[in-house]
Amino acid sequence: DPSVSGDFATLMGWADKARKLKVRTNADTPADAAKAREFGAEGIGLCRTEHMFFGDERIVAMRKMILADDVEGRKAALAQLEPFQKKDFVGIFEAMDGLPVTIRLLDPPLHEFLPHDEKGQETVAKELGIPVQKVKDRVEQLHEFNPMLGFRGCRLPIVYPEIGDMQVRAIISAAIDVKKAGKSVLPEIMIPLIGTVAELKILKERAIKLADELIAASGVKVEYLVGTMIEIPRAALVADKVAEEAQFFSFGTNDLTQMTFGFSRDDIKSFMGTYLKEKILPVDPFQSIDVEGVGQLIEMGVKKGREGRKAKHGEHLKVGICGEHGGDPDSVAFCHKVGMDYVSCSPFRVPIARLAAAQASLAEGGKIARDK
Ligand code: PEP
Ligand code: MG
């Protein structure tokens, strides 16, 4: 247990003095956040919000939103979801006690919240007091042949801005409440799956307007950032322009790997074994980012992003990674090499990432800074 004292704690202390990379965690609940802090996490690099919509009352409201006929109907359903969402964020901010918390806006395709079987659809119709045919029609309408390339990520709030508004309001009003209670907070709003600068610009400006209005009305000062994920190859290619609109980048290497190789992240079982055996690939690219292609895109994304931000705003672009690779030692070494600011991984991998970050730093001649 790396949270206890003793030799292991001493070793981790040395690692922390040697490393340059910060280590954050991917956490969606206050319990995970607290566990990760025990393991030494220095913030949350990815809070996925989709899991928060599956609780009993929440899923009913979520479905009401998806099945609503118009924007007013969607807003009414979202208003039911907002207090739950706000409560989630209050819990996470409290658990992180002033450390940065990156919250990603809703990412998955909406059909994931609707049942695809007849019986489930009948239940939803009954719950919402609508004809079952309506549920079936909506499921049919939302059906996609390639959902991972479909109506998800930032495309959702571009089409339905009220969804993004609800989440931004919940994040900022939670931060305001926590701040009012005397704690510090550092929310970072993260917009997923952008491929064009315009997507980010539209959503960022809308988020800032809403957040600043809430903060001004509250009378307390809350600092927050708005940034984006780099997980579509095009976003890495135009990273200099993206960075003009982003206060931070976080590489979503699960999607980035999927889209760079054209390998579905959920469907590699049938061929990856052969590919590795036949040495078509040196390593499973979903395990390590230090592989030609994805690695190049990341390196380019960091460099162009930093240049773009500096040129336009004269400031450092904060860059991290939040895909599964963030807890893989070789990938952590790669993140160190390309000059990222932090890696983010699951709570139990935090100690591994701390050690890997220290090894990477020492391997290039870094010294253990004893006075840190
Ligand atoms: C990613 O794509 O790497 C990522 C962190 O997001 P998700 O796994 O939720 O798609
Ligand atoms: Mg992703």
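Student: What percentage of the 372 residues in the chain do buried residues make up?

Tutor: Buried residues make up 47% of the 372. A residue is buried if 20 or more other C-beta atoms lie within 10 Å of its own, exposed if 12 or fewer, and partly exposed in between, with C-beta atoms placed from the backbone. Before we go on, note that this is a predicted model: local features need pLDDT of at least 70, side-chain atom pairs count only at pLDDT 80 or more, and totals for chains, interfaces and linings use all residues. Residues are numbered from 1 along each chain as its sequence is written, while chains are lettered from A and ligands numbered from 1 in the order in which they are written.

Student: What pLDDT does the chain average?

Tutor: The average is 95, and 97% of the residues score at least 70. pLDDT is the predictor's confidence in each residue, from 0 to 100. Where it is low, the predicted coordinates should not be read in detail. For the complex, the predictor gives an ipTM of 0.99 and a pTM of 0.95.

Student: What makes the radius of gyration agree with that of a compact globule?

Tutor: Set the value against the rule. The radius is taken over C-alpha atoms, and the globule rule is 2.2 Å times the number of residues to the power 0.38. For 372 residues, that puts a compact globule near 21 Å; the chain has 21 Å, so the two agree. The C-alpha trace spans about 65 × 60 × 45 Å along its principal axes.

Student: How many helices and strands does the chain have?

Tutor: There are 16 helices and 8 strands. Helices (H or I, at least four residues) and strands (E, at least two) are DSSP runs, numbered from the N terminus.

Student: Why is H12 called largely enclosed by the rest of the structure?

Tutor: Because 7 of its 9 residues are buried. They are Thr253, Asp255, Leu256, Thr257, Gln258, Met259 and Thr260. The buried residues of H12 pack against several elements, including strand S5 (225-230), helix H10 (233-237) and helix H14 (294-313). After H12 comes Gly262, with a positive phi near 70 degrees.

Student: Which residues are around ligand 1?

Tutor: They are Leu46, Arg48, Asp107, Glu231, Gly252, Thr253, Asn254, Asp255, Cys322 and Gly323. To be near a molecule, a residue must have its C-beta atom, placed from the backbone, within 6 Å of it. Strand S2 (44-48) and helix H12 (253-261) are the elements that give two or more residues to this shell. H12 gives the most, with 3 residues.

Student: How do the residues of that shell divide into nonpolar, polar and charged?

Tutor: There are 2 nonpolar, 4 polar and 4 charged. Ala, Val, Leu, Ile, Met, Phe, Trp, Tyr, Cys and Pro count as nonpolar, Asp, Glu, Lys and Arg as charged, and the others, Gly among them, as polar.

Student: Which residues does UniProt list for "binding site"?

Tutor: An unreviewed UniProt entry covers Arg48, Arg104, Glu231, Gly252, Thr253, Asn254 and Asp255 with that annotation. Such annotations may be inferred rather than shown by experiment. Also under "binding site", the unreviewed entry lists Glu231 and Asp255. These two span 25 residues in sequence, yet no two of their C-alpha atoms are more than 5.4 Å apart, so they gather at one spot.

Student: What makes Glu231 buried?

Tutor: Count its neighbours. Glu231 has 26 other C-beta atoms within 10 Å, so it is buried. Glu231 lies in the loop between S5 and H10.

Student: Is Asp255 buried or exposed?

Tutor: Asp255 has 23 C-beta neighbours inside 10 Å, so it counts as buried. Not counting residues up to four places away in sequence, Asp255 touches Leu193 and Glu231. Touching means contact: the two C-beta atoms, placed from the backbone, lie within 7 Å.

Student: Why is Asn254 called partly exposed?

Tutor: Asn254 has 15 other C-beta atoms within 10 Å, so it is partly exposed. Asn254 lies in helix H12.

Student: What makes Glu57 exposed?

Tutor: Glu57 has 10 other C-beta atoms within 10 Å, so it is exposed. Its place is in helix H3 (residues 56-67).
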